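Please look through the sequence and the model below before reading on. The text then goes from the surface to the sheet and on to a loop.

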Amino acid sequence: MTVTEDLEQIKRLTDQDVEYWHARDLMPVLGYADWGNFEKAIERAIASFDAAGEESAHHFGATTKLVPIGSGAEREVADYFLTRAACYIIVMNGDSTKPEIAEAQKYFAVQARKMEKLEQLIADQRRVDLRNRVKDRNAFAAPLTVPRIIRRRRGRSFAWPPMRQPDWT
């Protein structure tokens with residue numbers, strides 16, 4: 001299986017259809033064998049978010065996961081919920097000499113471009129909808145306006161119908 005297929009397979013969805021990944025599931029797909037090394041990559045990505053003024057807590061949710069140990073029991077280990085943006089920054093900060101990281105960089109770059117296009121399409125559609133609403137309201141209001149006819153008579157202009165002069169008293 002390719003890295004792209006693996007990323008799609010381990011991707012999860014919230015109730016609102018928001019994509020996310022578990023860091024412990026993502027680690028082997030990206031070619032990391034040791035959690036400590038992968039956690040350093042996560043910490044670099046968190047620092048990147050913070051340096052850019054982005055709220056890293058919105059993209060990196062700390063959690064725990066139960067993993068089996070030798071005696072058949074389970075123990076808790078640290079894990080993260082990662083948004084698509086978090087995964088993108090992790091792979092951009094990862095070791096690009098690893099073929100898995102290089103393929104993941106391509107995958108997330110393509111996915112980011114797809115999201116940009118979708119957001120642009122949504123913005124364009126909103127703009128067209130607003131323009132159509134304004135056009136419809138203007139068409140409705142147009143017959144309510146009184147046309148003014150300017151007539152010239154002996155060098156003087158007259159507006160018809162005459163405008164009522166304001167009462168200043």
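**From surface patch to sheet and loop**

This is a predicted model. On its surface, Met115, Leu118, Leu121 and Ile122 make a nonpolar patch of about 360 Å². Methionine 115 belongs to helix α5, which covers residues 99-141. The relative accessibility of methionine 115 is 37%, so this residue counts as partly exposed, a class that lies between under 20% for buried and over 50% for exposed.

Next comes the sheet. Four strands build an open sheet with antiparallel pairing, and their order is β1-β2-β4-β3. Because β1 (12-13) and β3 (60-68) each have a single partner strand, they stand at the edges, and one side of each is left without a neighbour in the sheet. Strand β2 (residues 19-22) pairs with strand β4 (residues 74-83) over three bridges, in the antiparallel sense. Histidine 22 stands opposite phenylalanine 81 of β4.

Two helices pack on this sheet. Helix α3 (residues 35-51) touches β3 and β4, and its direction makes about 35 degrees with that of β4. Helix α4 (residues 84-92) touches β2, β3 and β4, and its direction makes about 95 degrees with that of β4.

Between α4 and α5 there is a loop that holds glycine 94. Is glycine 94 buried or exposed? Its relative accessible area is 14%, so glycine 94 is buried. Leaving aside residues up to four places away in sequence, glycine 94 touches Tyr32 and Ile101. Glycine 94 and phenylalanine 38 are 56 residues apart in sequence, and their C-alpha atoms are 8.8 Å apart in space.

Terms used
Residues are numbered from 1 along each chain as its sequence is written. This is a predicted model: local features need pLDDT of at least 70, side-chain atom pairs count only at pLDDT 80 or more; totals for chains, interfaces and linings use all residues. Side-chain values use heavy atoms; hydrogens and water are left out. Two strands pair if DSSP finds at least two bridges between them. Contact means heavy atoms within 4.5 Å. Axes are lines fitted to C-alpha atoms, for helices over the stretch in contact, and angles run from 0 to 180 degrees between N-to-C directions. Patches are made of residues with over 30% relative accessible area and no salt bridge: like charges are joined within 9 Å, nonpolar side chains (Val, Leu, Ile, Met, Phe, Trp, Tyr) within 5 Å. Accessible areas come from the Shrake-Rupley method with a 1.4 Å probe; for residues, only the protein chains shown count as cover. A salt bridge is a side-chain nitrogen of Lys or Arg within 4 Å of a carboxyl oxygen of Asp or Glu. Buried means under 20% relative accessible area, exposed over 50%, partly exposed in between (1.4 Å probe, protein chains only).
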